[in-house]
Amino acid sequence: MKVHVGKGRANGNVVIPGSKSVAHRYLIAAAFVNGTTDICHLPDNDDINATIRCLRALGAVISKTGDTATVFPADGIAPTGTLLDCKESGTTLRLLIPQALLTGREVTFVGSGRLFARPLDIYENICRAQNIEWKQTENSLTVHGRLQPGNFSFPGNISSQFVSGLLFALPHLDGKSTLSLTGGVESAPYINLTLDALKKFGFEAFAESAGKYSVCGNQHGTSAGRLNVPTDQSSAAFFGALNALGGSVTLKDFYDDGTQGDRVWNEYFNALICSTPTLSVADCPDLAPIIMAVAAVKNGVTLIDTARLRFKESDRGNAMAKELRKCGVSVDARENSIIVSGGAKAPHEHLYGHNDHRIAMSLAVLLTATGGGTIDDAECVAKSLPDFWKMLAALGISITPEKD
């Protein structure tokens with residue numbers, strides 16, 4: 001799908017859905033405890049729907065009424081040959097592989113896009129060390145065997161999702177486990193989201209020091225009763241960016257529980273307006289595309305700690321670089337840093353979303369300030385914010401779908 005985005009200053013009110021990152025964690029924790037949990041302000045997008053679908057396949061009963069999901073936990077006995085379709089959700093895949101290993105049965109994960117091109121080596125190494133069957137193809141992964149407690153150690157700068165996936169599974173094992181991260185620990189706020197979710201459901205997982213966790217086994221957890229998912233800071237950033245570019249958008253019913261790493265977007269945008277800053281995305285990699293877009297219109301930026309952007313839905317650093325160059329922006333994408341100049345202009349050709357929701361939404365924000373233009377592959381916003389184009393239109397931005 002192609003969408004033409006007109007030039008204009010956004011104005012009005014917008015309600016941002018609940019946090020995708022928190023919602024994944026609440027759903028997974030709720031599916032493997034004693035008792036029923038209601039999760040309110042649940043976002044409705046492709047990734048969350050993938051997690052719900054996979055949890056149902058693992059035995060949980062999940063019903064939805066409006067934006068509230070009621071989770072009846074699984075019995076822990078998945079049939080051999082269970083198929084879990086993650087679509088393009090890397091979070092779903094990485095958080096649920098350890099849960100599949102609790103069943104001891106054969107479980108197959110399938111998906112689409114770049115899902116199985118994204119790193120899974122840490123889990124593969126764990127499985128092979130414990131003689132758990134691991135069969136991976138370009139489009140699927142089959143595991144068969146039961147995860148055993150132990151001492152797990154791996155690099156902390158690849159993805160925090162490996163840490164979170166194990167933290168959700170380790171309390172259910174029959175002995176104590178430790179988890180030690182070597183090197184630097186990136187995306188620490190996401191690990192803290194997991195620890196917070198576990199605590200809400202009665203599990204004990206201790207952060208003994210930076211990058212070292214201790215988890216006792218034979219924990220059963222309990223229902224958290226009724227939970228409210230906080231506002232998604234990652235999605236809010238796109239509308240905050242409209243304000244950084246001269247708009248007047250009010251984020252209504254905004255609930256910030258103070259835990260999401262991406263909540264730094266306002267601080268970062270203020271820096272982009274006033275100067276040409278150096279900003280780290282070690283703890284907020286999902287903000288990189290929109291930071292690059294705002295910087296391209298404003299004064300430029302040097303982003304550091306960008307190496308992991310290569311393993312997202314797209315190679316985000318290079319994808320954004322390619323599209324910004326179409327707008328006359330100089331971009332130097334290096335191994336672990338990206339330098340973006342300012343002075344973006346209207347592109348003379350279509351921009352491309354690279355099947356990456358955060359790329360497409362960032363480019364849309366860019367176009368509102370540079371004269372407008374067309375984005376191809378615009379439907380990919382459904383991964384996190386299906387109503388994005390409607391939300392932009394409601395703020396006075398011209399949004400015109402074009403036939404392919």
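**View 1. The salt bridge between R316 and D286 in the predicted model.** The side chains of R316 and D286 come together with an N to O distance of 3.0 Å. R316 belongs to helix 10 (residues 316-325), whereas D286 sits in the loop between strand 16 (278-280) and helix 9 (288-297), so the contact ties together parts of the chain that are 30 residues apart in sequence. Both partners also belong to a network of salt bridges, whose other members are K20, D47, K312, E313, D356, R358 and K383.

**View 2. The salt bridge between K20 and D47.** What is the N to O distance at which these two side chains meet? The distance is 3.0 Å, and the pair links distant parts of the chain, with K20 in helix 1 and D47 in helix 2 (residues 46-57), 27 residues apart. Both K20 and D47 are buried, and the two residues are members of the salt-bridge network that also includes R316 and D286.

**View 3. Helix 1 and its start.** Helix 1 spans residues 20-30 and is mostly covered, with 11 of its 11 residues buried; among them are K20, S21, H24, R25 and Y26. At the start of this helix, a side-chain oxygen of S19 reaches to within 3.3 Å of the backbone nitrogen of S21.

**View 4. The salt bridge between R226 and D38.** The closest N and O atoms of R226 and D38 are 3.6 Å apart, and the pair links distant parts of the chain, R226 being in strand 14 (residues 226-228) and D38 in strand 3 (residues 37-40), 188 residues apart. R226 is exposed, with a relative accessible area of 56%, while D38 counts as partly exposed at 21% relative accessibility. Across the structure, the count of salt bridges comes to 19.

**View 5. The aromatic pair of Y123 and F162.** A search of the whole structure finds five aromatic pairs. In the pair of Y123 and F162, the ring centres are 4.9 Å apart and the planes stand at 80°, so the arrangement is edge-to-face. Because Y123 lies in helix 4 (residues 121-129) and F162 in helix 5 (residues 160-169), the pair ties together parts that are 39 residues apart in sequence. Y123 counts as buried at 3% relative accessibility, and F162 is buried with a relative accessible area of 0%.

**View 6. The aromatic pair of W265 and F269.** This pair is tilted, with 6.0 Å from centre to centre and 50° between the planes. W265 and F269 are four residues apart in helix 8 (residues 265-274), which means that about one helical turn separates them. Both of these residues are buried.

**View 7. An aromatic cluster.** Which residues form one aromatic cluster with F238? The cluster is made up of F238, F239, F388 and W389.

Key. Residues are numbered from 1 along each chain as its sequence is written. This is a predicted model: local features need pLDDT of at least 70, side-chain atom pairs count only at pLDDT 80 or more; totals for chains, interfaces and linings use all residues. Side-chain values use heavy atoms; hydrogens and water are left out. Buried means under 20% relative accessible area, exposed over 50%, partly exposed in between (1.4 Å probe, protein chains only). Helices (H or I, at least four residues) and strands (E, at least two) are DSSP runs, numbered from the N terminus. A polar contact is a pair of N or O atoms within 3.5 Å; within protein, one must be able to donate a hydrogen and the other to accept it, and residues adjacent in sequence count only if both atoms are side-chain atoms. Rings of Phe, Tyr and Trp (its six-membered ring) pair if their centres lie within 6.5 Å; planes under 30 degrees apart count as stacked, over 60 as edge-to-face and the rest as tilted. A salt bridge is a side-chain nitrogen of Lys or Arg within 4 Å of a carboxyl oxygen of Asp or Glu.
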